[in-house]
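Work through the following exercises with the model open beside the text, and try each task before reading its solution.

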Amino acid sequence: MVARVKASTISYQALGGIGIFTSLSNDELASLTQQCNWCRYDAGQEIIAQREESSDLFFVCQGRVRAKTYSTSGKEVTFGDLDQGEVFGELSAMDGKPRSAFVVALEESLIASIDSKTFRQFLDTHPDVLWPMLENFAYRFRIMVEKIFEFSTLGARNRIHAELLRLSRDAVMEDGTATISPAPTHAELASRTSTTRESVTREINLLKKAGLLDIDRDRYLIKDLDSLRQLVDEVLDL
């Protein structure tokens, strides 16, 4: 069950961790906090339903969520995961159209939401928030373009390689290694790359055997990013 939280019990610091709000003062954050609706979601609970008629904007103040959809056969397709500090729901907030994806909590999450009309009024008086929003939107658009290109040009094996490279971008070390934590399950990787769990399991085992990947508890260690990247580039160069 979704637990609603009174705004009066929430500190302005909850919104202070949202990336697009770094330019706001404590007083501005406190005012915005009171204009938001606040809810806690348990892991697996739905926050947004696809095709839902709503236009609120959402902020991940604690926890982690996933945007996804399902094929006509019921296969889950993952668009991406959003961590603490990120924003979602921008499309419907901007154009008023139904939701384009489901969003569910991956762990216990504190989510703030604000109706699009109120947020537009907020942007009128705080235009410095708009540019970070556009940068965030552009980043996600680039990721989507990458995936469309990969689905059009790469086989299942190389789509898995490309997704591992993408997941490791924020954790690249100087020695050419990277850590993905928490490690996605094989089913999650299959959902991200439009393939089967069995195909992911087979490829992960091959990467381990080749010395490119190691698994330590709940994280993946990519031991040679250049070699993994070369597996993708070789196909694209054909």
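The model is a predicted one, in which local features need pLDDT of at least 70 and side-chain atom pairs count only at pLDDT 80 or more, whereas totals for chains, interfaces and linings use all residues. Residues are numbered from 1 along each chain as its sequence is written, and side-chain values use heavy atoms, with hydrogens and water left out.

**Exercise 1. Describe how domain 1 and domain 2 touch each other.**

Begin with the bounds, which come from an automatic or database domain assignment: domain 1 covers 3-150 and domain 2 covers 155-234. Their C-alpha centres lie 28 Å apart, and the contact (heavy atoms within 4.5 Å) takes 12 residues from domain 1 and 11 residues from domain 2.

Next, consider the buried area, that is, the accessible area (1.4 Å probe) that two parts lose on being put together, summed over both. Domain 1 and domain 2 bury about 1,000 Å² between them, with 36% of it on carbon and sulfur atoms. On the side of domain 1, the residues that lose the most area to domain 2 are K75, K147 and E150, which together account for 41% of what that side buries.

Then turn to the charged pairs, where a salt bridge is a side-chain nitrogen of Lys or Arg within 4 Å of a carboxyl oxygen of Asp or Glu. Six salt bridges are counted between domain 1 and domain 2; K147, already named for its loss of area, also meets E163 in a salt bridge at 3.7 Å, N to O.

Two or more residues each come from β5 (64-70), β6 (76-83) and α5 (130-153), and β6 gives the largest share, five residues.

**Exercise 2. Which strands stand at the edges of the open sheet of five strands?**

Strands pair if DSSP finds at least two bridges between them, and the order in this sheet is β1-β2-β9-β4-β7, with antiparallel pairing. β1 (3-5) and β7 (87-88) each have a single partner strand and stand at the edges, so one side of each is left without a neighbour in the sheet. For β7, the antiparallel pairing with β4 (residues 57-62) runs over two bridges, and V87 in β7 stands opposite F59.

**Exercise 3. Trace the hairpin formed by β5 and β6.**

The two strands pair in the antiparallel sense over seven bridges, and R66 has D81 in β6 as its bridge partner. Five residues lie between the strands, and in this turn G74 has a positive phi of about 95 degrees.

**Exercise 4. Which parts does the salt bridge of E108 and R40 tie together?**

The closest N and O atoms of E108 and R40 are 4.0 Å apart, and the structure holds 18 salt bridges. Since E108 lies in the loop between β8 (102-105) and β9 (109-114) and R40 in strand β2 (residues 37-41), the pair ties together parts that are 68 residues apart in sequence.

Notes. Helices (H or I, at least four residues) and strands (E, at least two) are DSSP runs, numbered from the N terminus.
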